[in-house]
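Work through the exercises below with the sequence and the structure in view. Each task is followed by a solution in steps.

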Amino acid sequence: MSERPLNDETGDHESGNSGEADEFADIVEAETDRDPDLAVIEAGSRTLRTMSGPPQGDAVPARPEDPEVDRALREVEAELAGRWGETQLDPSLARIEALMDILGQPQRAFPSIHITGTNGKTSTARMIEALLAAFDLRTGRYTSPHVQSVTERISLDGAPIPAERFIETYRDILPYVQMVDEREEHRLSFFEVLTGMAYAAFADAPVDVAVVEVGMGGSWDATNVVDGTVAVVTPIALDHTDRLGATPGEIAQEKGGIIKPDATVVLAQQPVDAAQVLLKRAVDVDATVAREGMEFGVTGREIAVGGQLLTLRGLGGDYPEVFLPLYGAHQAHNAAVALAAVEAFFGIGSEHARTLDLDTVRRAFASVTSPGRLEVVRRSPTVVLDAAHNPAGARATAEAVGEAFGFSRLIGVIGASADKDVRGLLEAFEPVFAEVVITRNSTQRAMDADELAAVAVEVFGAERVQVEPRLDDALEAAITLAEEEDEYAGAGVLVAGSVITVGEARLLLGRK
């Protein structure tokens, strides 16, 4: 492991000035709705409380320019698409474990940081990846779903693997995949095969550390054949309730399955019932806990051109004047979680009472990108894309848009999946949308535009709702509405509702 991560100056919080102590006390007090019963659970767990040139953001890859490579990639995509869809959760690791066995356990060739939660997983994964790479570690990142290209899901050294390598990796493991298919009751799913590809690619590279985002849930997610030395749980909210549970606590039961014995678990702020479940899991497996609002957090945040300027309290001390080129308070909290995860990976808070090198941390965060997360893809009028697809995500996006852009009038374009809480999604956006254009994306999971519009009329009123079943027509209609009158020169367009909708809009608007 590199010696660069640690700062030579030891942080001594107790001997620091009282102003800094008061600042951190504020974030402790900001943790709301805490249940006194949690103290009983926390008393049985260990907690982390230290007393004492990164890669450029990767672009979303376009289709391969070489016709033969493009043809081969389409063949692979078609074969993967012919498998069991990734949104169907089967409570078994049997198939992926069989594949790992036959491949020689590639997931054990590197340490992992494993990430679950409901919202913010991909952005947090990208921040963790940027920090690790800034400290001279070779990284692999596995995230889902993709915005435009399936190759985005597997990244090496901060960039999606080339299409040629994606195809080669698929063909390398295909004979083993077929062997497992023949033995098991059901064939390996789309997501299980991609997970196998990611772990094989990381082992082959080889990487120093993998940053792995779960697909859905945790315990039975195909990624959970890794034993993450650090487990990260981003905020839990209601999503996939038909598969994961009807309350945050029930969902946390499934997501907590990634917390392994003797690991460190980094917890974003959680609903009380979710926190109870996660802390009990930590106690049961003797995991070390670091909690946002207690051991780490955001102590300062200012709006800046192109993003925000943060002061973060990590496990080892303060990190002032950290520029993050992403919008919204939720991204500031993601940054705090990412920083704590990387500190924990380097042993800060348990083995070391020091901070990471501040300049390196600043450079890493300044390099972060997160396509499809409050991403500006056009000006005059400004068009922003955001992958919010559940009520909690939509509320965070609505708040961030108001804070960062100050549009005089905002037009929404919404295309959602049929299995989502579309009413909750629309209600979260209703206060900030002057009008909304209802549409759908091209997938079978998309909700019918007329059905979604019927819900939108109940939420917004008929006079504020327009229906354009084709996404290209919806974008044109929204841009026209934003340009309609001179007095609305500060109008903008927000496209949201689904990662797929955002990806297709990104292509239509010319982002490659």
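**Exercise 1.** In which crossing, left-handed or right-handed, does H5 pass H11?

Two remarks on the source come before the solution. The model is predicted, so local features need pLDDT of at least 70 and side-chain atom pairs count only at pLDDT 80 or more, while totals for chains, interfaces and linings use all residues. Residues are numbered from 1 along each chain as its sequence is written, and side-chain values use heavy atoms, with hydrogens and water left out.

Step 1. Helices (H or I, at least four residues) and strands (E, at least two) are DSSP runs, numbered from the N terminus.

Step 2. Take the geometry. Axes are lines fitted to C-alpha atoms, for helices over the stretch in contact, and angles run from 0 to 180 degrees between N-to-C directions.

Step 3. H5 passes H11 in a right-handed crossing; a crossing is right-handed if the near helix is turned clockwise from the far one by less than a right angle, and left-handed if anticlockwise.

Step 4. List the contact (heavy atoms within 4.5 Å). Among the residues that meet are Met127, Ile128 and Leu131 in H5 and Ala338, Val342 and Phe345 in H11. The contact of H5 with H11 has eleven nonpolar, four polar and no charged residues (Ala, Val, Leu, Ile, Met, Phe, Trp, Tyr, Cys and Pro are nonpolar; Asp, Glu, Lys and Arg charged; the others, Gly among them, polar).

**Exercise 2.** Describe how H6 and H7 pack.

Step 1. Helix H6 (residues 163-183) and H7 have axes 9 Å apart, at an angle of about 110°. H6 and H7 are therefore roughly perpendicular to each other.

Step 2. Their crossing is right-handed.

Step 3. On the H6 side the contact includes Phe166, Tyr170 and Ile173, and on the H7 side Leu194, Met197 and Asp204. By class, the contact of H6 with H7 counts nine nonpolar, two polar and two charged residues.

**Exercise 3.** How many aromatic pairs does the structure hold? Describe two of them.

Step 1. There are nine aromatic pairs. Rings of Phe, Tyr and Trp (its six-membered ring) pair if their centres lie within 6.5 Å; planes under 30 degrees apart are stacked, over 60 edge-to-face and the rest tilted.

Step 2. Phe110 and Phe202 have ring centres 5.9 Å apart and planes at 80°, so the pair is edge-to-face. Phe110 sits in the loop between helix H4 (94-103) and strand E3 (112-116), and Phe202 in helix H7 (residues 190-204), 92 residues apart. Both Phe110 and Phe202 are buried (under 20% relative accessible area, with exposed over 50% and partly exposed in between, for a 1.4 Å probe and protein chains only). Phe110 and Phe202 form one aromatic cluster with Tyr199.

Step 3. The rings of Tyr327 and Phe405 have centres 4.9 Å apart and planes at 55°, so this pair is tilted. Tyr327 and Phe405 are buried.

**Exercise 4.** How many of the eight residues of H9 are buried?

Step 1. In helix H9 (residues 248-255), six of the eight residues are buried.

Step 2. Among them are Pro248, Ile251 and Lys255.

Definitions and conventions. Angles under 35 degrees count as roughly parallel, over 145 as roughly antiparallel, 65 to 115 as roughly perpendicular and the rest as oblique.
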